[in-house]
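Please keep the sequence and the structure in view while reading.

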Amino acid sequence: MPHTQKPAQVGATIAAIDMGSNSFHLAIARVMENNVQILHRVKQRVSLAEGMDKQGNLAPAAMQRGWDCLAQFAQRLQESQISAVRLVATYALRQAPNRHDFLAPARDILDAPIEVIAGREEARLIFHGVSHAEELNEPTLVIDIGGGSTELIIGQDGEPFQLESLNMGCVSFQDRFFNEGKLSHKRFDKAIVSAQQQLEPLLERYRQQGWQATLGTSGTIKALAQVCQQEFEKPVITRKSLEKLVDKLAEAGHIDKMGMEYLSDTRRPVLPAGLAVLLGCFRALNIDEMRFCDAALREGVIFEMANRVPQASVCQHTVEAMQRLYHVDTQHARRVADTACQLYRAQPQHDEELEELLYWSGQLHEVGLALNSKGVQRHSGYIIANGNMAGFHLEQQQLLAFLGRWHRKRLDDCELPSLQLAKPTTLQRLLICLRLSVLWHLGRRHRIELPEVEWGKREVRLTLPAPLADDALLLADLEQENELLQTLGWELQFR
């Protein structure tokens, strides 16, 4: 059965690290009775996305900057007597094929797991941070421009209605449109139009949803708010101010001639790109003005860690929504999930997080039936891999998709995903648990006694209940499953 992570205790000191494409952030907070007190914030520009090759691989120099930054963060965490820490990584690491080359040493430095989160999960956490810092009494559009991605959320109070993450950011647009620091109206026009093109697919949906206020978060928008105040004496970011700023920078001709010495040396080079992305948002969504909010992703993570209000798991909400959308037989799904977990717990050692993920995989293994009963496992794997799964980070979603894809039928082409979450042998054991559970409940057999299970190094031994010892159909299914598992180097014994 799933478990809900316990909230931090009152008085505990907790921390969150956000590994962005441009900057890494550390936030340390104390949990209060009905609130969270931020004690310390540290931001360091790492430019992790800088120097990526055409395949999106992280550059060695960028990875080293990241490790150096995390080593400093680790020292600060040791000094602060942290009781709980959560580490999340965003665009650069979710896009990079070689992310494990960075994550393995990073995990050793911090001695904690790192969650590479999907874009919409990033958007959800950003909104969570904003909604705790601001009174969102009316539908509000929140925009967060990062180094590699831009998140757009519409929500009210604590509930997001629309979540989207687009592959455009101040670092990626700087490389594409303002290389070598050159500025011109032509370059700005191309960058702004590119941003508008990426926004096109969501325009109708967002306009129909509607909003009454607009907030911006994170470093790019903070810097633009500062510029609007200094250059145009505007307390908010307006469309007219952004248009004037484009003219000013285009006339300067180069980043080194922009002026604006009040901006940090690390922020100034990416400001034109961030300006182009934000003006693209203003034009496409007909925004007139925007206020800045200081809370963002790291605060969202902190507030979620410290959540004092008992509520259903975000993951459970996600799974239940997918079950409704794809008309899943929930009684059968729950029985398969429970049996899979019981088989998993028969091992001498088992991991609670992996058991919970196995449970969710059982709940979702038949979502593909909504598309076609033929090849249901392929459809299930695709739906899970590409769904908007709030509450699950990237590796968790990959694990669920893997289990959904291979929960039945042939295993000839079964390739194990490369995950920090679980070793290859552990992945195979999880898969075997789900496959045996699905087999055991074929034909919606729910009132059936479960076998006793023993796990060997590469074998599973089942002792069948007496009433099933002569069940010819079950024995034939088990014999066939043994042949399929041998493809993975496993043996299924039963008596």
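## Two loop residues with positive phi

Glu 180 is found in the loop between α5 (170-177) and α6 (185-209), where helices (H or I, at least four residues) and strands (E, at least two) are DSSP runs, numbered from the N terminus. Although Glu 180 is not a glycine, it has a positive phi of about 60°. At 61% relative accessibility Glu 180 counts as exposed, given that buried means under 20% relative accessible area, exposed over 50%, and partly exposed in between (1.4 Å probe, protein chains only).

Asp 111 lies in the loop between α3 (99-110) and β5 (114-116). Its phi is near 55°, a positive value in a residue other than glycine, and Asp 111 is exposed, with a relative accessible area of 71%.

## How the model was read

This is a predicted model, in which local features need pLDDT of at least 70 and side-chain atom pairs count only at pLDDT 80 or more, while totals for chains, interfaces and linings use all residues. Residues are numbered from 1 along each chain as its sequence is written, and side-chain values use heavy atoms, with hydrogens and water left out.

## The second largest pocket

The second largest pocket holds about 620 Å³ of space. On a 1 Å grid over the protein atoms alone, a pocket is an open set of points with protein on both sides within 12 Å along at least five of seven lines, whereas a cavity is a set of points where a 1.4 Å probe fits but cannot get out; lining residues have an atom within 4 Å of a point. Grid points are joined across faces, edges and corners, and a volume is the space filled by probe spheres set on the points. Of the 38 residues that line this pocket, those closest to its centre are His 25, Lys 43, Ser 218, Gly 219 and Arg 267.

Which elements each supply at least two residues of this lining? They are β2 (23-31), β3 (36-45), α4 (119-133), β6 (140-145), α7 (218-232) and α10 (297-305), and α7 gives the most, with six residues. By class, the lining divides into eleven nonpolar, 16 polar and eleven charged residues, where Ala, Val, Leu, Ile, Met, Phe, Trp, Tyr, Cys and Pro count as nonpolar, Asp, Glu, Lys and Arg as charged, and the others, Gly among them, as polar.

Thr 140 is found in strand β6, and it is buried, with a relative accessible area of 2%. The side chain of Thr 140 reaches the backbone oxygen of Glu 138 at 2.8 Å. Leaving out residues up to four places away in sequence, Thr 140 touches Ile 153, Ile 154, Gly 155, Trp 211, Ala 213, Thr 214 and Leu 215, a contact being heavy atoms within 4.5 Å.

Gln 363 is found in helix α13 (residues 352-364) and is buried as well, with a relative accessible area of 6%. Its side chain makes a polar contact with the side chain of Gln 323 (2.9 Å); a polar contact is a pair of N or O atoms within 3.5 Å, and within protein one must be able to donate a hydrogen and the other to accept it, while residues adjacent in sequence count only if both atoms are side-chain atoms. Beyond four places in sequence, the residues that Gln 363 touches include Val 319, Val 328 and Arg 334.

## Nonpolar cores and a cavity

The largest nonpolar core has 57 residues, and those with the most contacts inside it are Leu 399 and Val 460; such a core is a set of buried Ala, Val, Leu, Ile, Met, Phe, Trp, Tyr and Cys residues joined through side-chain atoms within 4.5 Å. Helix α16 (residues 424-440) provides the largest share of this core, ten residues. Apart from this core lies another, of 49 residues, among them Leu 183, Leu 199, Ile 237 and Cys 281.

The largest cavity has a volume of about 40 Å³. It is lined by Thr 339, Leu 343, Leu 436, Trp 440, Pro 451 and Leu 462, and α12 (330-345) and α16 each supply at least two residues of this lining. By class, the cavity lining has five nonpolar, one polar and no charged residues.
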